[in-house]
Amino acid sequence: MKKYLFKRFLLMFPTLLGVAVLIFVLIRIVPGDVVELRLAGDSSSVSEKVLAEERAKHGLDKPVWQQFATWVWGAMRLDFGKSMWTGAPISEEIKLRFALSLQLAIMATAVAVVIAIPLGVISALKQDTWIDYTVRIASIAGLATPSFWLGIVFILCLLIFFKWLPPMVYTPFWVNPWQNMLQLIWPALAVGYRYSAVATRMTRSAMLEVLREDYIRTARAKGLVEKLILSRHALKNALLPVVTVICLEFAFLLGGLVVTEQVFNLNGLGLLFVQAVAHRDYTLVQALVLIVAGFFIVVNFAMDILYAWLDPRIRFR
Amino acid sequence: MAISSAPGDVVLVGEETRFRRWSAAVRDFCVGRPLGAIGAAIVVVMLVVAALAGLLAPYDPVTVDFAAMLSKPSSQHWLGTDAFGRDVLSRLIYGSRTALFVGFGAAFIGATVGAVLGVGSAYFGGRLDLYTQRLMDIFLSFPLIILALAIVAILGNALHNLVMAITIPMIPRCALVIRSSALSIREMPYVDAARAAGFGHTRIILRHMLPNVMAPYLILLTAFLGQAILLESSLSFLGLGVQEPTAAWGLMLRGAAVEFAETAPWMAIFPGLAISLAVFAFNLFGDSLRDALDPKLRSL
């Protein structure tokens, strides 16, 4: 097991490098660059010389491999350079937005877990009754409803029924927790519904599978209380795939909430990515993708360790 | 009945039994999985609506009519009009064409390319498999929408480019699932037999292995259909997908729909309902299909 984890640890690096290469190439294929975009606003008759000078300022005149090497070298020391559009250091640009996206992801996960696990277990226990059907339909509907639209509907309902709008300017949690919660609970609910649907379905099918195992029958045969069978024997074993799904979704939430952020006017990482692509802000796009993908890769690795910790069958292999 | 028919009808008899077998399978599916049947029925209705959009839509979806701007749902405009006075119902009906085109296009190409990659990777194994897996890992560490956004930025947002942008992030997800089923198929005696008979790699992959991953393939296909429709509406909502004046559900939610949400909520409600209903139907059908074909594939 240790050997396996070590191998997985080492494999993280080529994957990260691959992500770096991929986004570095992709963003440079996008037509136009930051210099053209910024100067095009002034007048159409900017001389080639000015363009070249501006490009040199951003290091865009150097050979591509050299740009890549400089960037990767910086990224390895966690120095992502400066935004090509605003000129501010990228760590400054990202800091607040990262906090926002992370908080939203954590809140959505909390919403999802609170809804999903009880519902999934009940649905599995009452398989093929009306309870099961209701939960299943609700969770399929959750997968089908776009989170951003649900967000619009939330805002609309608050506006029509309560004549109240959630605050539109972001307040960090450490400045004013109440104000912060008032704003973020709505997107967290909108995203959490979809997220909980994924987790509910997984809980249900994992529970169904485990409940048919021999050891559950043994536990029942020896007269164990049903509550203990469920919590200690069934749920504990069924939870592994559920944890997987929750972790994977969590990792994607960090950068994948582009549209919901737009609806709630939240300046998270997703929205920043859209703006950065629109500005052809190479350094910012690269940094964002590397952070989001790196987060995903690390969560994946952490999941493997968690697996080994939760399941002795894996630990001792 | 088949026995008493004239000798000349042999071909027809064969077709008839095949038809019967199909109809029996469809009947079993409807009876055993009512939810799936409901999903399939909604999908069929949607296909018909999309095909007959010209006949069904009461108004032209792109004609601007400022006299009827933002009018409430009424007998003239059943679901009201938008900020340009365009009939919301007509735009919804035409929008189903966009959604289905992108959905089917992206899901079909994505699942097929993914299946070929997955089976090929499992069949050849060794170094090729290893490198393909690593490459897939790289693509998988991007959130779906981030990769799609980057590709749209490169290709531009014509409809077929949109399909490409949605397809590419789906390929590795499909390849992963198909590969794991193909790995066990590779060890089957009939694949050994095909190899012993001297068949080429292409023939073994296409004729002997691909048909045997049909179950996960179909399941992935239906799962991707819904996801593709959702992704398209997200991109269009951001203004990076389908462009005005084309009717598309995500696009209808953009801009004025949010600005005038309080005074004209029908603009924001109905397109969202259409997206949800479409994806809901595909998921309902796909779920039952999965239960019927391969209940173990629950990780989708």
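A residue is buried if 20 or more other C-beta atoms lie within 10 Å of its own, exposed if 12 or fewer, and partly exposed in between, with C-beta atoms placed from the backbone. The model is predicted: local features need pLDDT of at least 70, side-chain atom pairs count only at pLDDT 80 or more, and totals for chains, interfaces and linings use all residues. Residues are numbered from 1 along each chain as its sequence is written, and chains are lettered from A and ligands numbered from 1 in the order in which they are written.

**Exercise 1. Find how many residues of helix H12 of chain A are buried, and what they pack against.**

Step 1. Helices (H or I, at least four residues) and strands (E, at least two) are DSSP runs, numbered from the N terminus. H12(A) spans residues 269–279.

Step 2. Eight of its eleven residues are buried, so this definition makes the helix mostly covered. Among them are Leu269(A), Leu272(A), Phe273(A) and Val277(A).

Step 3. Two residues are in contact if their C-beta atoms, placed from the backbone, lie within 7 Å. The buried residues of H12(A) pack against H5, H10, H11 and H13 of chain A, together with H6 of chain B.

Step 4. Look just past the helix. Arg280(A) takes a positive phi of about 55°.

**Exercise 2. Is helix H9 of chain A covered or hardly covered?**

Step 1. H9(A) runs over residues 214–221. The count of buried residues among its eight residues is zero, and the helix is hardly covered.

Step 2. Gly223(A) follows H9(A), with a positive phi near 85°.

**Exercise 3. Describe how H2 and H13 of chain B cross.**

Step 1. Axes are lines fitted to C-alpha atoms, for helices over the stretch in contact, and angles run from 0 to 180 degrees between N-to-C directions. The axes of H2(B) and H13(B) come within 7 Å and cross at roughly 135°.

Step 2. Angles under 35 degrees count as roughly parallel, over 145 as roughly antiparallel, 65 to 115 as roughly perpendicular and the rest as oblique. H2(B) and H13(B) are therefore oblique to each other.

Step 3. A crossing is left-handed if the near helix is turned anticlockwise from the far one by less than a right angle, and right-handed if clockwise. H2(B) passes H13(B) in a left-handed crossing.

Step 4. Ala, Val, Leu, Ile, Met, Phe, Trp, Tyr, Cys and Pro count as nonpolar, Asp, Glu, Lys and Arg as charged, and the others, Gly among them, as polar. The residues of this contact divide into 13 nonpolar, three polar and one charged.

**Exercise 4. How many residues does each chain bring to the contact between A and B?**

Step 1. Chain B gives 34 residues and chain A gives 38.

Step 2. In chain B, H5, H6, H10 and H13 each supply at least two residues of the side that touches chain A. The largest share, nine residues, comes from H13(B).

Step 3. The chain B side has 22 nonpolar, seven polar and five charged residues.
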